[in-house]
Amino acid sequence: MDTIAYFTKKHCRSLFNIARLLLLIAMAAVAFTGIPGAAGIAAGMVLVLMTLLCAFHMAGQPLGCSLLQIPFAILSFVSFLAGLGLSIMGFLALRYPPVEKDIHTAAATVGISLDRIVHFPGMPLGIVGMLLFFLSFVSFCAVMYLSTVKSCLSNVISRHGARVFTACSILTAIAVAAGAVFFILRCGGWSAVIADRQNTSLLAEIVLFALVLLITGCSANAFLKTTYAFKVFEDKMMKVEMNADGTMYVPIQEDTDGEEVQPMPVPVPKYTASDKTGRKPPIKSYAELETVYPIDGSHNESCII
């Protein structure tokens with residue numbers, strides 16, 4: 001009989017995971033060739049590392065899941081602290097004008113002018129802080145999902161975190177796709193994006209990232225269905241019981257191909273009339289009994305009954 005570990009290994013080598021690996025390779029290539037400067041090199045190195053970890057995860061070993069959990073755990077911790085710090089700075093910038101002036105001064109020292117929009121530092125910092133909190137939650141869900149995969153690879157059925165990670169991946173993919181549309185509008189249209197090589201590379205990275213998130217959500221959903229089938233089988237069909245003599249047996253509920261036989265209803269007598277006292281009427285009236293069997297001593301008690 002196939003175990004949950006066997007099906008989990010097949011899931012790790014599924015077409016969804018292969019497509020995700022190819023998309024990560026494409027993202028790394030675009031980062032190295034299309035994004036200039038140190039930012040492109042740093043993004044390319046991170047994507048190469050994620051590609052290697054995903055390839056090791058596809059081998060279907062618990063160690064691969066543990067290694068892939070490390071960057072997501074670090075990302076969850078760092079994004080949570082960054083979101084907390086930016087949210088506090090945004091609140092202080094909106095509440096206290098001197099803090100807003102300090103942010104303007106710090107931005108001016110690096111060549112960024114924020115004087116055109118009133119309350120510009122406070123509101124964007126709060127929005128970015130909320131986005132970082134959401135990124136921290138998604139990364140934490142990824143860690144929980146990899147824990148379930150690792151447990152199933154060890155032949156222990158677990159489904160904790162899989163459903164939440166599926167929803168988070170699809171929602172994040174939709175948000176990233178909306179970000180791609182906003183990026184096109186901000187650059188002045190599709191023609192303006194295509195004319196600039198750097199903008200084209202950035203748009204390609206955003207679109208590829210949305211596809212990676214969508215495929216990851218579909219892969220997690222497929223894994224959820226597999227573990228659900230095993231969980232139902234474990235809960236309802238593999239209940240080991242013991243007889244009185246100490247022997248063990250496994251009761252299995254078999255499905256019948258034909259229609260279920262319904263039990264015949266028990267006929268209940270219906271009484272059409274009742275007397276004033278609410279008692280049930282007799283089966284035969286006294287006058288009817290006297291007509292059929294006259295009570296004159298010629299019949300015994302059994303004949304009358």
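**View A. Helix H4 and the nonpolar patch.** Helix H4 (residues 62–95) gives the most to the nonpolar patch, with 10 residues. Helices (H or I, at least four residues) and strands (E, at least two) are DSSP runs, numbered from the N terminus. The model is predicted: local features need pLDDT of at least 70, side-chain atom pairs count only at pLDDT 80 or more, and totals for chains, interfaces and linings use all residues. Residues are numbered from 1 along each chain as its sequence is written, and side-chain values use heavy atoms, with hydrogens and water left out.

The patch covers about 1,000 Å² of surface. Its members are Phe 56, Leu 63, Leu 67, Ile 70, Ile 74, Phe 77, Val 78, Phe 80, Leu 81, Leu 84 and Ile 88. Patches are made of residues with over 30% relative accessible area and no salt bridge; like charges are joined within 9 Å, nonpolar side chains (Val, Leu, Ile, Met, Phe, Trp, Tyr) within 5 Å. A salt bridge is a side-chain nitrogen of Lys or Arg within 4 Å of a carboxyl oxygen of Asp or Glu. Accessible areas come from the Shrake-Rupley method with a 1.4 Å probe; for residues, only the protein chains shown count as cover.

View B. Leu 84 lies in helix H4. Leu 84 counts as partly exposed because its relative accessibility is 38%. Buried means under 20% relative accessible area, exposed over 50%, and partly exposed in between (1.4 Å probe, protein chains only). Buried residues of H4 include Gly 64, Cys 65, Ser 76, Ser 79, Gly 83, Ser 87 and Gly 90. An α-helix has 3.6 residues a turn, so residues three or four places apart point the same way. At 1.5 Å a residue, the 34 residues of H4 should span 50 Å. The end C-alpha atoms of H4 are 49 Å apart, which agrees. The expected span is 1.5 Å times one less than the number of residues.

View C. Ser 136 lies in helix H6 (residues 122–153). Ser 136 is buried because its relative accessible area is 7%. A polar atom of its side chain lies 2.9 Å from the backbone oxygen of Ser 76. Ser 136 also touches Ser 79 and Phe 80 (heavy atoms within 4.5 Å). Ser 76 and Ser 79 are among the buried residues of H4, whereas Phe 80 belongs to the nonpolar patch.

View D. The 26 residues of helix H7 (residues 162–187) should span 38 Å at 1.5 Å a residue. Its end C-alpha atoms are 37 Å apart, which agrees. Buried residues of H7 include Phe 165, Cys 168, Ser 169, Thr 172, Val 176 and Phe 183. Ile 170 also lies in H7. Ile 170 counts as partly exposed because its relative accessibility is 31%. The C-alpha atoms of Ile 170 and Ala 210 are separated by 8.9 Å; the two residues are 40 apart along the chain. Just after H7, Gly 188 takes a positive phi of about 100°.

**View E. His 11 in helix H1.** His 11 lies in helix H1 (residues 4–12). His 11 counts as buried because its relative accessibility is 10%. Beyond its neighbours within four places in sequence, His 11 is in contact with Asn 17, Tyr 145, Ser 219 and Phe 223.

**View F. The whole protein.** The secondary structure comes to 11 helices and two strands. Of the 305 residues, 30% count as buried.

Terms used. A polar contact is a pair of N or O atoms within 3.5 Å; within protein, one must be able to donate a hydrogen and the other to accept it, and residues adjacent in sequence count only if both atoms are side-chain atoms.
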